[in-house]
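Trainee: I have a structure to go through. Can we take it question by question?

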Amino acid sequence: MDKKLLRWNFVFQYGWVLTNIFNSILLTPLYLKNIESNTLGIWWATGAVLGWMTLVDPGVGEVLQQRIAELRGRNENEEVGVLIGSGYLASAFVLAISILLGLVCYFFIGDIINKNISDFPYLSTALWLSVLATGLSLVSFTMSGINQGLHNSAQVAISSLTANCLFLFVNLLFLFLGYGVLSIAIANFIRALYINIHNISSMFKVMQKQALKMVFQFTHFKKFIRIFSFTSSSKIITGLSYSVDMVVLARFISPAYITLYEVNRRPIAHFYSLISRHTVALMPLISHAKGKGEKEAILTLMNQQFRFYSYAALFVALGFCFNYGNLIAAWTGPKQYIGNTLLYLLVAQFFFSLLASFMANVGYALGDIKIPSLYSIIRGIIFGTTMFFTAKHFGITGAVVTSLIFSATIDFLFYYYRVYKLGYLQLSLLTTLANRWVIILPAALLGGWGFTQVIDALLPATMYFAKLLVNSGTFTLFFLMMLLLVDLPLRAKAKSLTGKYITLPFAKLKRA
């Protein structure tokens, strides 16, 4: 497998998420300071409604990435050109339908969340502009997917990183000029427009270099659209079910409490995106290797990457348990922390969702689309119905518990079974990791709790940032020591690297 391509995939996936996290860390306290709390809460709630626009995209970019990478592995360049042409036509339809749906949501959004939008400053204009920004974002997913399939990952990475820098600059400019929530909408629109321009121009350069010609064939387009007969229904139902909680909560709890909930789940959501991007970065390579028939290479990659992925998920989940209160207090103030009970529920849901998403992405990269899409349809209907009643009667706690139950049971079991049936999951890998977790988990819980008690006793209660740094640093060192004790291959790798860098100066001295 192409290691240079893999590095650029990681730069793109992690760079996009890290810059989003940086922007969120910087901007969220400024939002709280410069935007009235109720307006901000309604803005976040209406974002879930406008998010329905994304449901009209059945995953064109993901399918194009998987198919183009696999076809290039087979050296079927003519089919690649036809596929790109069909992708362009599909993205044009997605753009038109999404904007139409967005305008419908815009006119009825007040009735949906049971609030008068005109009561909140700049909100109406911001929502209208967000419709355009979301439509352009859907087009950018398709263009990025084509570039990823063409192994043009470097330009995808550059466009995403520079776009997020542009977003930050524009957002800060209009926020300080007093535009409130409208500053967010303007920044989103400019970012989406920029990403599309960059991706389209770089894609044509690659096609010209590789002598690829875009071909529009209506017969191929009809076949291409049939692929989405399952994925589109799956995405629509899944998207609606996942947005039910915010819509229901917006109707029955105060906007200010929605702001509190969003502030507390935002760092967890960012780290979820950060870690889950690991498998997204692997997907083009897995599809390409499958096209070339390199099953052993895929298995080797899976065994290696899942170990690191699961360790990262466990480390972050445990780190949140011991540091989240200080994190929220240092970031936005102690009054913004939502409490330990909801935190532990959110962390558990975060952990099991990450484990399920790894195998879901691997299965998709291997071309397993139809059956998981059918599963998502059934799952989405049950999940959405359950979420409506639990969020309505039990509020935020009911919504989080529902998500946790689904992630930890049926999602986890289904996606792992699918990859196992495809022949790309070795049970010995899961057994080995489970045996290590039996040792790591109780030791990490005990050690983390002990460090927290000592640091709380030594440092004043209001030194949130200092306690966050000391506690998270101490826990990180302790967790790494635990990994090196139980994971022999990781210990051998660390030992070889340590020995290499320590003996290097002496080796040079000896040669001299």
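Predicted model: local features only at pLDDT ≥ 70, side-chain atom pairs only at ≥ 80, totals over all residues.

Trainee: How far apart are the end C-alpha atoms of helix α3?
Mentor: Helix α3 covers residues 60-73, which is 14 residues. At 1.5 Å a residue, the helix should span 20 Å. The model agrees, with its end C-alpha atoms separated by 20 Å.

Trainee: Which residue with a positive phi follows α3?
Mentor: Look past the end of the helix. Phi there is near 65 degrees. The residue is Asn-75.

Trainee: What share of the residues of the protein chain counts as buried?
Mentor: Take the whole chain now. Its secondary structure comes to 16 helices and zero strands. Of contacts with a separation of 6 or more, 86% join residues 24 or more positions apart. Across the 512 residues, the buried share is 52%.

Trainee: Are α3 and α10 roughly parallel or oblique to each other?
Mentor: Two packed helices are described by the angle between their axes and the distance between the axes. Here the angle is about 40 degrees, and the axes of α3 and α10 are 7 Å apart. Roughly parallel would need an angle under 35 degrees. The pair is therefore oblique.

Trainee: How many charged residues are in the contact of α3 with α10?
Mentor: List the partners first. Residues of α3 including Gln-65, Glu-70 and Arg-72 meet residues of α10 including Met-283, His-288 and Lys-290. By class, the contact has three nonpolar and six polar residues, and the charged ones number four.

Trainee: Are α10 and α12 roughly parallel or oblique?
Mentor: Use the angle again. The axes of α10 and α12 (residues 340-365) come within 9 Å and cross at roughly 15 degrees. The cut-off is 35 degrees. That makes α10 and α12 roughly parallel.

Trainee: How many nonpolar residues are in the contact of α10 with α12?
Mentor: Among the residues that make the contact are Ile-268, Phe-271 and Ile-275 of α10, and Leu-346, Phe-350 and Phe-358 of α12. Six residues of the contact are polar and one is charged. The nonpolar ones number 16.

Trainee: Is Tyr-122 buried or partly exposed?
Mentor: Tyr-122 sits in the loop between α4 and α5. Its phi is positive, near 65 degrees, and it is not a glycine. The relative accessible area is 41%, so Tyr-122 is partly exposed.

Trainee: What is the separation of the C-alpha atoms of Lys-295 and Tyr-424?
Mentor: Lys-295 lies in helix α11 (residues 295-332). At 37% relative accessibility, Lys-295 counts as partly exposed. Leaving out residues up to four places away in sequence, Lys-295 touches Gly-423 and Tyr-424. Lys-295 and Tyr-424 are 129 residues apart along the chain, yet their C-alpha atoms are separated by 7.9 Å.

Methods: Residues numbered from 1 in each chain as written. Heavy atoms only, no water. Helix = DSSP H or I, 4+ residues; strand = E, 2+ residues; numbered from the N terminus. Expected span 1.5 Å × (residues − 1). Axes fitted to C-alpha atoms, helices over the stretch in contact; angles between N-to-C directions. Parallel < 35°, antiparallel > 145°, perpendicular 65-115°, else oblique. Contact = heavy atoms within 4.5 Å. Nonpolar A, V, L, I, M, F, W, Y, C, P; charged D, E, K, R; others polar. Buried < 20%, exposed > 50% of the residue type's maximum accessible area, 1.4 Å probe, protein only.
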